Amino acid sequence: FLGVISTTGSQLSLFSMTALSLIRMRGIVNNSMIAPTRVNKKAVIKAAMIVIGIVTASLSVAIVPLVTALEDYFVQGMFYDPDYKLFIGFPNKIKHIKILEAYYKNESFSADTSWTEISEKVDGMFTQSYGTGSLEKSAVHFYGNDGVCLFKYFVRSDDPRRSRTTLDVDMIDVKGNMIVWLMLGVNLLCFVVITLSYLLINIPAVMATLR
């Protein structure tokens with residue numbers, strides 16, 4: 001959960017700064033940056049909604065990569081029992097598919113094959129050969145293969161988080177990842193809003209100085 005905590009913290013800081021910048025800019029522009037004599041119920045509810053919104057957005061960014069229903073998009077690979085020499089390290093989906101294509105010669109696989117289907121086929125390989133059931137394995141999740149445990153904005157071409165386009169030869173991804181670009185866009189928008197807000201905040205002070 002270190003990745004969730006670090007990502008939540010970074011997004012929480014960014015979203016909070018954006019919200020505070022907008023609130024301060026609005027107060028300066030409307031000349032309403034005066035502390036109220038008393039806080040009414042409406043102001044408390046408004047502040048609570050802003051805090052809840054910021055926390056919810058930050059947690060969503062961090063937790064979405066761990067949702068089981070999205071494992072085909074975020075799972076990096078699989079760790080297998082060391083006794084199974086066919087799968088060394090944590091092979092990704094492309095390596096799995098190449099092995100399955102070599103074993104199941106009459107079946108076709110693509111980069112869109114789900115991890116559930118891959119798991120069933122791998123179990124089938126060892127069931128037929130060794131009479132075993134489900135293999136001992138564990139998924140390498142979104143944060144699991146990175147020592148810094150941060151939201152990874154830059155990915156390799158074989159990373160499952162990239163939008164997948166199957167090629168006839170090696171099935172390497174060629175398109176950018178929508179979620180990566182979405183998060184970069186959201187964070188860039190926040191920085192732009194913060195910058196513009198403080199520029200607008202400083203304009204009245206500069207104008208007052210020139211008078």
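In the predicted model, the chain exposes about 13500 Å² of surface. Carbon and sulfur atoms supply 66% of this area. Of the 211 residues in the chain, 33% are buried.

The secondary structure consists of six helices and two strands. Read from the N terminus, the order of the elements is α-α-α-β-α-α-β-α. Among contacts between residues at least 6 apart in sequence, 62% join residues at least 24 apart.

Helix α2 covers residues 41-63 and contains 23 residues. At 1.5 Å a residue, a helix of this length should span 33 Å, and the end C-alpha atoms of α2 are 32 Å apart, so the two values agree. Buried positions in α2 are Ile54, Ser58, Val61 and Ala62. An α-helix has 3.6 residues a turn, so residues three or four places apart point the same way. The spacing of the buried residues Ile54, Ser58, Val61 and Ala62 in α2 can be read against that repeat.

The largest nonpolar core has 14 residues. Tyr80, Leu100, Ile118, Val122 and Phe126 have the most contacts inside this core. At least two core residues are supplied by each of β1 (77-80), α4 (93-103) and α5 (115-130). The largest share comes from α5, with five residues. For Ile118, one of the core residues with the most contacts, the partners beyond its neighbours within four places in sequence are Lys93, His96, Ile97, Leu100 and Thr113.

Aromatic side chains were examined next. Two aromatic pairs are found in a search of the whole structure. In one of them, the rings of Tyr103 and Tyr104 have their centres 4.9 Å apart and their planes at 75 degrees; the pair is edge-to-face because planes over 60 degrees apart are classed in this way. Ring pairs also bring in Phe109, giving a cluster of Tyr103, Tyr104 and Phe109.

The two tyrosines of the edge-to-face pair fall into separate accessibility classes. Tyr103 has a relative accessible area of 34% and is partly exposed, because this value lies between the limits of 20% and 50%. Tyr104 has a relative accessible area of 11% and is therefore buried, the limit being under 20%. The ring of Tyr104 also has a charged group over it: the charged end of Lys121 sits 5.1 Å from the ring centre.

Methods
Residues numbered from 1 in each chain as written. Predicted model: local features only at pLDDT ≥ 70, side-chain atom pairs only at ≥ 80, totals over all residues. Heavy atoms only, no water. Core = buried A, V, L, I, M, F, W, Y, C linked by side-chain atoms within 4.5 Å. Buried < 20%, exposed > 50% of the residue type's maximum accessible area, 1.4 Å probe, protein only. Helix = DSSP H or I, 4+ residues; strand = E, 2+ residues; numbered from the N terminus. Contact = heavy atoms within 4.5 Å. Areas by Shrake-Rupley, 256 points an atom, 1.4 Å probe, with all protein chains shown as cover. Expected span 1.5 Å × (residues − 1). Phe/Tyr/Trp six-rings, centres within 6.5 Å; stacked < 30°, edge-to-face > 60°. Lys NZ or Arg CZ within 6 Å of the ring centre and 35° of its normal.
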